Amino acid sequence: MDAFNGAWSTGRIYQRGAYLKRNDLIAGSMCAVGCEVLYGISYAFTKQATATASEFSLLGWRFALAFVLMSIFAGIGLIKVNLKGKSLKPLLVVALFSPVIYFIGETAGIRNTTASESGVFLAVIPVASLIASSWILKKKPSRLQTEGVLITLAGVLITVFAAGRSASFSIIGYAFLLMAVASYALYFVFVDRAGDYTSTEITYIMLAAGAIVFAALAIGESIMKGSLGQLAALSFRDAGFFSAVLYQGFGCSILAFFLSNVAIAKIGVNRTVSFVGISTVVSVIAGVVLLHESFTAFQIIGATIIIIGVYTANSRKAVD
């Protein structure tokens, strides 16, 4: 009887562990999807905002607002940030790659290309991230995860070429986007290494670094141009700019950062990066609906292939 009870208890623990694993998979996947949807929509907002203001002005306002909001949330106890006695070095490395390097590359790249083009170009991030994960973390993706990412990349290439005459073919824009791809891949790697910190703590330091760096760059740029007063009044006199700052400050810098960090903690780098292609689909739709950019049948095909790739990389066989 005791042996039976022991076996039953062991089985129950095993089932409970599997249940918790499934919960982590579902929660992590939902966080990854939510993050990419927010990012996909943000491309259109960035394109609109940088049509009337500089990249540094947008980034400065965006991260300053996000850091202030996050600090208020921490002050009233809505979130918990406890960094006492902890080394900040691992978090500063994360913040260097994202948001500092990444958002310089992304914002400048978007300004020099089309919103949909930027979105599909950045969808090569999963490939770079899988390489970085295998090389640095020694975490090799499964065969189906690799196949899923490659299928997604094929969908991206089809969507890029489908842009045809509407593509910018800007060498400067592509160079900045490539910089963004490399830095974001490294961000994934170093977030995975920051296992001693909560997702909230990682997000808070990322926002602090972004606020300091981009506010300083925006102020410096405005002083050189003699437009410091215009920078201060920018969000109050330009409704389009303010809406972009509000969306990106809260929706992307706080919520999307947090969702991304949670996803990496729950399902790991290789699974999280496989969802990045979703932002491509959303960015194309946002470019068409909000910016009236061209949309072709080939882009529909490309978007469909991207979704198939994401499904393949996260199918049950790929996860087990």
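Is Cys-31 buried or exposed? In this model, which is predicted, Cys-31 has a relative accessibility of 14% and therefore counts as buried.

Let me stay with the cysteines for a moment. A disulfide is a covalent bond between the sulfur atoms of two cysteines. The cut-off applied here is a sulfur pair within 2.5 Å, and by that rule the count of disulfides is zero. For Cys-31, the closest cysteine sulfur belongs to Cys-35, and because the separation is 9.0 Å, the two are too far apart for a bond. Cys-252 itself counts as buried, with a relative accessibility of 0%.

I turn next to a pair of helices. How do the axes of H7, residues 171-193, and H10, residues 239-273, cross? They come within 9 Å, at a crossing angle of roughly 95°, so H7 and H10 are roughly perpendicular to each other. On the H7 side, the contact involves Tyr-184, Tyr-187, Phe-188, Val-191 and Asp-192. Their partners in H10 include Phe-257, Ile-264, Gly-268 and Val-273. Sorted by class, the contact of H7 with H10 comprises eight nonpolar residues, four polar residues and one charged residue.

Finally, I would draw attention to Ile-212, which lies in helix H8, residues 199-225. With a relative accessible area of 61%, Ile-212 is exposed.

Methods. Residues numbered from 1 in each chain as written. Predicted model: local features only at pLDDT ≥ 70, side-chain atom pairs only at ≥ 80, totals over all residues. Heavy atoms only, no water. Buried < 20%, exposed > 50% of the residue type's maximum accessible area, 1.4 Å probe, protein only. Axes fitted to C-alpha atoms, helices over the stretch in contact; angles between N-to-C directions. Helix = DSSP H or I, 4+ residues; strand = E, 2+ residues; numbered from the N terminus. Parallel < 35°, antiparallel > 145°, perpendicular 65-115°, else oblique. Contact = heavy atoms within 4.5 Å. Nonpolar A, V, L, I, M, F, W, Y, C, P; charged D, E, K, R; others polar.
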